[in-house]
Amino acid sequence: MAGRCAAATALARAGSADRIVPREPDGRPRFPRGFAGSISHTDHLAVAVVVPGAEAVGVDIESETVTARIAAFVLRERERHTLLPPAGEYTARDLFVAKEAAFKALNGIGTLGEFLFWRIELRQSGDVLIASYRDEPVPVWVRSGAELSFAVAIRR
């Protein structure tokens with residue numbers, strides 16, 4: 001419920017007259033035509049991002065620790081060696097939310113086949129990550145603190 005309230009607020013701020021976000025049969029939120037959006041929540045926080053005119057948006061937040069075992073499963077070896085310390089600046093939780101946000105932004109593409117979020121590849125490009133799956137790229141912005149990691153992916 002908190003996610004739907006966050007979505008209504010985001011739609012209002014984006015200029016949409018329609019602020020109701022029903023569920024698709026598969027559970028995904030259905031934003032009004034012309035307003036791509038995404039919802040995420042933890043046990044204590046809900047967020048929504050709406051981008052008018054975008055093709056798709058993905059947002060994810062996470063407050064739980066991503067263990068080394070989960071990181072080994074979700075992250076490719078190259079990602080662990082280039083994006084995690086000491087070579088990179090991201091935590092495993094940051095990269096986890098980046099892949100989840102990218103998954104949401106890419107999930108609407110009908111030609112991806114059996115699409116699993118951990119199969120997304122991440123690489124650094126300046127101050128943004130580029131997530132790709134089967135040559136479909138999407139930029140992902142990640143911000144984090146001690147208690148929370150936040151990622152947004154926008155497909156134009």
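This report describes the strands, a helix, the charged pairs, the core and some backbone details of a predicted model.

## The five-stranded sheet

Five strands form an open sheet in the order S3-S7-S6-S5-S4, and their pairing is antiparallel. The edge positions belong to strand S3 (56–62) and strand S4 (121–125); each has a single partner strand, so one side of each is left without a neighbour in the sheet. From one strand to the next, the twist averages 25°.

## Strand S7 and its partners

Strand S7 covers residues 149–155 and pairs with S3 in the antiparallel sense over seven bridges. Two of the positions in this pairing can be named. Val-57 stands opposite Ile-154 in S7, and Ala-56 has Arg-155 of S7 as its bridge partner.

S7 also pairs with S6, again in the antiparallel sense, over five bridges. Val-140 has Ala-153 of S7 as its bridge partner. A hairpin of four residues joins S6 to S7.

## The nonpolar core

The largest nonpolar core has 27 residues. Among its members, Leu-95, Leu-129, Val-138 and Val-140 touch the most other members. Two or more residues of this core come from each of H2, H4, S5, S6 and S7. Which element gives the most? That is H4, with nine residues.

Leu-95 shows what such contacts look like. With residues up to four places away in sequence left out, Leu-95 touches Leu-75, Leu-83, Leu-84, Tyr-90, Leu-122 and Leu-129. Val-140, another of the core members that touch the most others, is the residue paired with Ala-153 in S7.

## Salt bridges

In general, side chains of opposite charge can pair when their charged atoms come close.

Lys-99 and Glu-79 form a salt bridge in which the closest N and O atoms are 2.9 Å apart. This pair links distant parts of the chain, with Lys-99 in helix H4 and Glu-79 in helix H3, 20 residues apart. Both Lys-99 and Glu-79 are buried. Glu-121 and Arg-76 form another salt bridge, with the closest N and O atoms 3.8 Å apart. This pair also links distant parts of the chain: Glu-121 is in strand S4, while Arg-76 is in the loop between helix H2 (68–74) and helix H3 (77–83), 45 residues away. Glu-121 is partly exposed at 34% relative accessibility, and Arg-76 is partly exposed with a relative accessible area of 34%. A further salt bridge joins the side chains of Arg-30 and Glu-24, at 3.9 Å from N to O. Arg-30 has a relative accessibility of 41% and so counts as partly exposed; Glu-24, at 27%, also counts as partly exposed.

## Thr-42 in a loop

Thr-42 is placed in the loop between strand S1 (35–41) and strand S2 (46–52). Is this residue buried or exposed? Thr-42 has a relative accessible area of 16%, which means that it is buried, as the cut-off for buried is under 20%.

The side chain of Thr-42 reaches the backbone nitrogen of His-44 at 3.1 Å. Leaving aside neighbours within four places in sequence, Thr-42 is in contact with Ile-61, Glu-62, Ser-63 and Leu-148.

## Backbone details in two loops

The loop between H3 and H4 contains Pro-86. A cis peptide bond joins Pro-85 and Pro-86, with omega about 10°.

The loop between S5 and S6 contains Arg-134 and Asp-135. Arg-134 has a positive phi, near 50°, though it is a residue other than glycine. Asp-135 is not a glycine either, and its phi is positive at about 65°. Arg-134 counts as exposed at 54% relative accessibility, and Asp-135 is exposed with a relative accessible area of 77%.

Methods
Residues are numbered from 1 along each chain as its sequence is written. This is a predicted model: local features need pLDDT of at least 70, side-chain atom pairs count only at pLDDT 80 or more; totals for chains, interfaces and linings use all residues. Side-chain values use heavy atoms; hydrogens and water are left out. Two strands pair if DSSP finds at least two bridges between them. Axes are lines fitted to C-alpha atoms, for helices over the stretch in contact, and angles run from 0 to 180 degrees between N-to-C directions. A salt bridge is a side-chain nitrogen of Lys or Arg within 4 Å of a carboxyl oxygen of Asp or Glu. Buried means under 20% relative accessible area, exposed over 50%, partly exposed in between (1.4 Å probe, protein chains only). A polar contact is a pair of N or O atoms within 3.5 Å; within protein, one must be able to donate a hydrogen and the other to accept it, and residues adjacent in sequence count only if both atoms are side-chain atoms. Contact means heavy atoms within 4.5 Å. A nonpolar core is a set of buried Ala, Val, Leu, Ile, Met, Phe, Trp, Tyr and Cys residues joined through side-chain atoms within 4.5 Å.
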